[in-house]
Amino acid sequence: MRRPSGRSSRGFGVYAALFVLIGSIYILTSPGRIDIVDGQCRYEAARNFFIYGKPIFKDSFLIQIHPRPGRGGDYFPGIGLGGSLAALPLTALGLSADDTRADFSRFTFSLTGPLVGALTICLLFTAYRRLGLSVNSALKWSLAAALATMIWPGANTVFDQIEQAFLILAGLLLADAASRRGSSLLAAWAGAVGGMVALHHEVLILLVPPLALAVLDTADGKRFQERGNLRRVVAFLAGALVPIGLMVSCNYYRFEAVSLFPLTIDTLGEHPYPWGNPLTGAASLLFSPGKSILLFSPLTAAGAVGFYYWKNKRPNLKRAALDVVLIHFALISSASFFGGDWCWGPRYLVVSAPLLALGLPFLAAKIGRRPLMPLIVFGVAVQMLGLSLDHHRYFYERKLTAFFWRDSSYYFRHSQWTARFAELADIAVHGVPETATGYAPTVKPERVTYMTCGLPEVYAEDGLSRFLLFYLPRPWPLWMPAARRAGLSIPLEPLFWAGPLLAAAGLSGLMLRRLARRGEPTRPCPPVAVKSPALRGTNQK
């Protein structure tokens, strides 16, 4: 039996240390609870899949706000099942049919985003290596993307955009590998993995075809004329049909309908049509103080500029990534709810954030790393700002209605970003009110991990001061001890979990530093072949 080389073992060590480092940071800074109704729906579907064998609702409150009777009179979530499927392993931990003992299961369910986020950063490291970066440079840019962009807060919520980002990036890298190796099997896997994004939302099917560009091999200036290219494209599309077929089957099983789109429209109630003005959406996502990517994730915007300087390195990888970004931006800009509220910042852009991060090394090669350092520092500060407090305080404090975003000028007149400073100042000066005896406004006040919901008492005078959620730090190692001191039952011992995670983060950071100094853990990817008379006879492959 052949033993793995030291070079291969170092390669595994880098990936393992990077995953542990980012995973530990993301878990430690996560809320440790279900922070939005979307997540509660996904958790309920995953939990009941284990208990009853069907992804159904048994929660009377969810049935009340999402009354979607389906096959056999059962109530099913009228959303894609991708988020529930991704969370099945973690939901199973501590699972019980007795909801009074489900707090720990909801806690572990909430860690799906942090772990998927860590995997996404590992994929980003792989992409940097394929673009020819050294281990040291690839690690630095991966850490910058992990901590200075919206990927961090996007991974620390039960919204599922980080899962969509992971699938798109994984599909892209598999398609690129299929191009480099001339493999139709890898192309089929690329289509299958990328196509799984349709299980989260049907409209995201539009992001899958551009990924097929990455399976093309244009080193010799040929496209579909070359049989291998056509074979790989067909294999990619065939692979994509598998998860799309699964999506259609799930929809038909639940509601005897091929598409959920009519259901999605109907759930908007008084605002029945989901499309808005794309110019307003694009302008708000780019320039408004309430949702601008320039404020919430400036390093991501810098990565977009880097695509202009991306030349001669995996051109089809660039073309596919750029097309996905542009199509996705056009889609969310055209939605009337482009802001994705209630959330922190422009959460839909999290899907494109890892792809845009691919442009950062090219921008740095053009202008140098030093001009980007202020953006990295500023980006880390902004992400920590978003992770500091629960985002619901902003919306409840202003007594906003469910469809406040119908006012297309709202994000230009108000800013959650600037409001966060006032919220932190208020807590620093006045502390936690004595009237805050409950943890969060919810139909299950005894369950600290159950979702927050806008009950009438929150909008009453001094309603916020009744709940600790709006005055305690968002990360679970910080709010859980305070909740226990207030007499509330918490799902686990914070120090017992936080201590090992801190130690793991420190040790993995030291391990990454040591491995980066020891040299290349894997052989760098070959440069793109350049045909030139002057280079004939040299080894360019």
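Predicted model: local features only at pLDDT ≥ 70, side-chain atom pairs only at ≥ 80, totals over all residues.
The chain contains 27 helices and 0 strands. Of its 541 residues, 55% are buried. Among contacts with a sequence separation of 6 or more, 76% are accounted for by residues 24 or more positions apart. The accessible surface of the chain amounts to about 23400 Å², and carbon and sulfur atoms contribute 64% of that area.

Aromatic pairing was examined next. A pair of aromatic rings is described by the distance of the centres and the angle of the planes. In total, 30 aromatic pairs were counted in the model. In one of these, the ring centres of Phe107 and Trp497 are separated by 5.5 Å and the planes meet at 85°, so the arrangement is edge-to-face, given that angles over 60 degrees fall in that class. Phe107 belongs to helix H6 (residues 103-109) and Trp497 to helix H27 (residues 494-518); the pair therefore ties together parts that lie 390 residues apart in sequence. With a relative accessibility of 0%, Phe107 counts as buried, whereas Trp497, at a relative accessible area of 28%, is partly exposed.

A stacked geometry is found for Trp310 and Phe362, with 4.9 Å from centre to centre and 10° between the planes. Trp310 is located in the loop between helix H17 (298-306) and helix H18 (315-334), and Phe362 in helix H20 (residues 360-367), so this pair ties together parts 52 residues apart in sequence. Trp310 and Phe362 are both buried. Beyond these individual pairs, one aromatic cluster is formed by Phe338, Trp342, Tyr394, Phe395, Tyr396, Phe404, Tyr410, Tyr411, Tyr459, Phe467 and Phe470.

Aromatic rings also take part in arrangements with lysine side chains. Lys58 is placed over the face of Tyr52, 5.1 Å from the ring centre. Likewise, the charged end of Lys311 sits over the ring of Tyr308, at 5.3 Å from its centre.

A relative accessible area of 5% makes Asp103 buried. The C-alpha atoms of Asp103 and Pro491 are 5.4 Å apart in space, although the two residues are 388 residues apart in sequence. When residues up to four places away in sequence are not counted, Asp103 touches Glu446, Arg447, Val448, Thr449, Tyr450, Ser489 and Pro491.

Arg232 is positioned in helix H13 (residues 227-255). Arg232 is likewise buried, its relative accessible area being 4%. Leaving aside residues up to four places away in sequence, the residues touched by Arg232 are Ala178, Ser179, Gly182, Ser183, Ser184, Ala187, Val215, Leu216, Asp217 and Glu226.

Note on methods
Residues numbered from 1 in each chain as written. Heavy atoms only, no water. Phe/Tyr/Trp six-rings, centres within 6.5 Å; stacked < 30°, edge-to-face > 60°. Helix = DSSP H or I, 4+ residues; strand = E, 2+ residues; numbered from the N terminus. Buried < 20%, exposed > 50% of the residue type's maximum accessible area, 1.4 Å probe, protein only. Lys NZ or Arg CZ within 6 Å of the ring centre and 35° of its normal. Contact = heavy atoms within 4.5 Å. Areas by Shrake-Rupley, 256 points an atom, 1.4 Å probe, with all protein chains shown as cover.
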